[in-house]
Amino acid sequence: MFKELDPLLHSQLRLGIMSLLLGLDSADFTFLKEKTDSTAGNLSVQLDKLSEAGYILVEKSFKGKKPLTTCRITKKGIRAFEDYVNSLKSYIK
């Protein structure tokens, strides 16, 4: 029996973001942009989708005079990621 895959996490970029955040306390926008090799616009859209779902927290502040966007995974996001991985395993067995 196959478990349904979370369509929000099935996107390559969103899955990459979640995978990175899972191993970190937090990450800033520039780090995520570089690690995922995405454009600023696409990354921004995907972060909004993950934030709206409650999977990540996005905090906007300033570092000196420059804007700073910092992201961290939530408990809900961790559970969703773990469920996604377990669902994938059901396809492998």
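Here is a chat about the fold, core, sheet and pocket of one predicted model.

User: Hey, what kind of model is this, and how are residues numbered?
Analyst: This is a predicted model, where local features need pLDDT of at least 70, side-chain atom pairs count only at pLDDT 80 or more, and totals for chains, interfaces and linings use all residues. Residues are numbered from 1 along each chain as its sequence is written, and side-chain values use heavy atoms, with hydrogens and water left out.

User: How much of the chain is buried?
Analyst: 34% of the 93 residues. Buried means under 20% relative accessible area, exposed means over 50%, and partly exposed is in between (1.4 Å probe, protein chains only).

User: Let's go inside. Which residues touch the most other members of the largest nonpolar core?
Analyst: Met18, Leu21, Leu47 and Leu50, out of 20 residues in that core. A nonpolar core here is a set of buried Ala, Val, Leu, Ile, Met, Phe, Trp, Tyr and Cys residues joined through side-chain atoms within 4.5 Å.

User: Which elements supply this core?
Analyst: α1 (12-22), α2 (29-36), α3 (40-52), β3 (66-73) and α4 (75-92) each supply at least two residues. α1 gives the most, with four.

User: What does leucine 47 touch?
Analyst: Leaving out residues up to four places away in sequence, Leu47 touches Ile17, Phe29, Leu32, Ile56, Val58 and Cys71. Contact means heavy atoms within 4.5 Å.

User: Why would nonpolar side chains sit together like that?
Analyst: In soluble globular proteins, nonpolar side chains tend to be buried together.

User: New topic: what order do the strands take in the sheet?
Analyst: β1-β3-β2, in an open sheet with antiparallel pairing. β1 (27-28) and β2 (56-63) stand at the edges with a single partner strand each, so one side of each has no neighbour in the sheet. Two strands count as paired if DSSP finds at least two bridges between them.

User: How many bridges join each pair?
Analyst: Eight join β2 to β3, and two join β1 to β3.

User: Who is across from cysteine 71?
Analyst: Cys71 in β3 is the bridge partner of alanine 27, and valine 58 also stands opposite Cys71.

User: What about serine 61, where is that?
Analyst: In strand β2. Ser61 has leucine 68 in β3 as its bridge partner, and is partly exposed at 35% relative accessible area.

User: And serine 87, buried or exposed?
Analyst: Buried, with a relative accessible area of 5%. Ser87 lies in helix α4 and touches Lys3, Glu4 and Leu5, not counting residues up to four places away in sequence.

User: Which residue in the hairpin of β2 and β3 has a positive phi?
Analyst: Glycine 64, with phi near 70°, in a hairpin that has two residues between the strands. Aspartate 37 has a positive phi as well, near 55°, and is not a glycine. Most residues other than glycine have a negative phi. Asp37 lies in the loop between α2 and α3 and counts as exposed at 71% relative accessibility.

User: Last one: what lines the largest pocket?
Analyst: Asp28, Phe29, Thr30, Lys63, Lys66, Pro67, Leu68 and Thr69. β3 gives the largest share, four residues. A pocket is found on a 1 Å grid over the protein atoms alone: an open set of points where a 1.4 Å probe fits, with protein on both sides within 12 Å along at least five of seven lines, and lining residues have an atom within 4 Å of a point.

User: What volume does the largest pocket have, and which classes line it?
Analyst: About 170 Å³, which is the space filled by probe spheres set on the points, with grid points joined across faces, edges and corners. The lining has three nonpolar, two polar and three charged residues. Ala, Val, Leu, Ile, Met, Phe, Trp, Tyr, Cys and Pro count as nonpolar, Asp, Glu, Lys and Arg as charged, and the others, Gly among them, as polar.
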